[in-house]
Amino acid sequence: MIAVDERAQEIIKRVAGIDFPSVVEVGVFDGRLSRRLLYRLNLHLLMVDPWGTAASSDDAKYATGYGVETAEDWAKVMQTAQENVQWAADRVRMYQGTSEEAAQEFQEQFDLVFLDGDHGYEAVSNDIRAWWPKIAPGGWIGGHDYRSDMDVGVIEAVEDWADEAMVDVHMGKNYCWFARKV
């Protein structure tokens, strides 16, 4: 629970001071982070997760560790996510599908997009490229698991994109990374 609290603090720190900030959480799973964000800040939240409909091998490895293997299991995880935010339903939209599909579906700009879905290099690169144009001026894109002790592609994907886009990457607690759009 401390890890989820630290991620929530890092996100809130970046949108504090904005009236009703719009935030996207990619890779929601059971909605624990979503619940904390909504509880601590009056924000509008778009929750994006395939919830088993288009789960990548990385998602499947993660979910299997939590006992999620069947379509029925995924339905229960999605239901838990819905229950976790039900009390704030007027400030929540849920999208069941891939990150890239959601980025194409929603045309507005967001104050912050937090990526915590598939952690493979190609998936992270695609997520960043899909959501970066959706970031409002002064807004943030960020994500989780920027760490060298895991066999994932987050660090390489973020650094390659940051070099190409000429943006600075800021580190936060609990392996979070963020980049601000000027």
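E156 sits in helix α7, which spans residues 154–165. The model is predicted. E156 has a relative accessible area of 48%, so it is partly exposed. Together with E159, D160 and D163, E156 forms a negative surface patch. Across the whole structure, 9 salt bridges are found.

- K13 and E10 pair through their side chains, with an N to O distance of 3.4 Å.
- Both residues belong to helix α1 and stand 3 residues apart, about one turn of the helix.
- K13 is exposed, because its relative accessible area is 53%.
- E10 is buried, because its relative accessibility is 2%.

**R7 in helix α1**
- Helix α1 covers residues 2–15 and includes R7.
- R7 has 11% relative accessibility and therefore counts as buried.
- Beyond its neighbours within four places in sequence, R7 contacts L33, F114, D116, H144, N174 and C176.
- R7 and K76 are 69 residues apart along the chain, and their C-alpha atoms are separated by 24 Å.

**Other salt bridges**
- R147 and D149 form a side-chain salt bridge at 2.7 Å, N to O.
- D149 counts as exposed, because its relative accessibility is 53%.
- R32 and D30 form a salt bridge at 3.1 Å, N to O.
- R32 is partly exposed, with a relative accessible area of 24%.
- D30 is buried, with a relative accessible area of 16%.

Note on methods. Residues numbered from 1 in each chain as written. Predicted model: local features only at pLDDT ≥ 70, side-chain atom pairs only at ≥ 80, totals over all residues. Heavy atoms only, no water. Patch = residues over 30% accessible without salt bridge, like charges linked within 9 Å, V, L, I, M, F, W, Y side chains within 5 Å. Areas by Shrake-Rupley, 256 points an atom, 1.4 Å probe, with all protein chains shown as cover. Salt bridge = Lys/Arg side-chain N within 4 Å of Asp/Glu carboxyl O. Lys, Arg positive; Asp, Glu negative; His and termini not counted. Charge placed at Lys NZ, Arg CZ, Asp CG, Glu CD. Helix = DSSP H or I, 4+ residues; strand = E, 2+ residues; numbered from the N terminus. Buried < 20%, exposed > 50% of the residue type's maximum accessible area, 1.4 Å probe, protein only. Contact = heavy atoms within 4.5 Å.
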